[in-house]
Amino acid sequence: MNQEMTCQCEEVSEEEKLGLIEEVIEEYKGKEGSLIQVLHMVQGIYGYLPVHIQQFIALKLDKPLSEVSGVVSFYSLFSTKPRGKHTINVCLGTACYVRGGKKIVDRLKEILDVNVGDTTGDNMFTLEVMRCMGACGLAPAMSIDDKVFKQVNPDKLTEILDLYN
Ligand code: FES
């Protein structure tokens, strides 16, 4: 039988998430490279790393908050803001930029009503830009999660986004 899977994450309370985070910290505490491991795991559990969560980690790992925040801000894969279900990356490498990459960003900002780096109100999409994604011959390019879209026409963006709704 084909049963539809639905995500239950929304139903996990803040308290339960903090409990899980505490378990992770206990497991890694005192081990080499524990901070990075903990941050990866906590981002998986909580979705992102806001300041109050960084404070919690610092307290439980007996580290200064500045050390935790320093690592979070150094690695781009850590996020201090909520992330959407899907990440859109628009290429702004030279080939894509000159062939309309900027127009794609502007149009997506309009359609999604967000700025670059932000997430839509319904938590569906996070909009980001990146440098060359290796599709220069078919610029302008963008990706949604792992899928790359080439020769993107700004007028077709709604159709592309609809694939994810
Ligand atoms: S510059 Fe965009 S894919 Fe290379």
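Helices (H or I, at least four residues) and strands (E, at least two) are DSSP runs, numbered from the N terminus. Helix α2 covers residues 34-46, and its axis lies 11 Å from that of α4 at an angle of about 65 degrees; axes are lines fitted to C-alpha atoms, for helices over the stretch in contact, and angles run from 0 to 180 degrees between N-to-C directions. Leu-35, Ile-36 and Leu-39 of α2 meet Glu-67, Val-68, Val-71 and Val-72 of α4, contact being defined as heavy atoms within 4.5 Å. Six of these residues are nonpolar, none is polar and one is charged. In this classification Ala, Val, Leu, Ile, Met, Phe, Trp, Tyr, Cys and Pro count as nonpolar, Asp, Glu, Lys and Arg as charged, and the others, Gly among them, as polar.

The model is predicted: local features need pLDDT of at least 70 and side-chain atom pairs count only at pLDDT 80 or more, whereas totals for chains, interfaces and linings use all residues. Residues are numbered from 1 along each chain as its sequence is written, and side-chain values use heavy atoms, with hydrogens and water left out.

From α1, the contact takes Glu-14, Leu-18, Ile-21, Glu-22 and Ile-25, and from α3 His-52, Ile-53, Phe-56, Ile-57, Lys-60 and Leu-61. By class, seven residues of this contact are nonpolar, one is polar and three are charged.

Taken as a whole, the protein chain has six helices and four strands, arranged along the sequence as α-α-α-α-β-α-β-β-β-α. The C-alpha trace spans about 50 × 45 × 30 Å along its principal axes. The chain is divided into domain 1 (11-74) and domain 2 (86-162), with bounds that come from an automatic or database domain assignment. The centres of the two domains, taken over C-alpha atoms, are 31 Å apart.

Both domains contribute to the second largest pocket, with at least three lining residues from each. Its space amounts to about 230 Å³. Of its 16 lining residues, Ser-76, Phe-78, Ser-79, Thr-80 and Arg-83 are the closest to the centre. (A pocket is an open set of points on a 1 Å grid over the protein atoms alone, where a 1.4 Å probe fits, with protein on both sides within 12 Å along at least five of seven lines; lining residues have an atom within 4 Å of a point.) Helix α4 (65-74) and strand β2 (125-130) each supply at least two residues of the lining, which comprises five nonpolar, eight polar and three charged residues.

Two backbone features remain. Most residues other than glycine have a negative phi, and most peptide bonds are trans. Ala-139 and Pro-140 are joined by a cis peptide bond with omega of about 0 degrees, and Pro-140 lies in the loop between β2 and β3 (142-144). Asp-145, although not a glycine, has a positive phi of about 55 degrees; Asp-145 belongs to the loop between β3 and β4 (147-149).

Definitions and conventions
Grid points are joined across faces, edges and corners, and a volume is the space filled by probe spheres set on the points.
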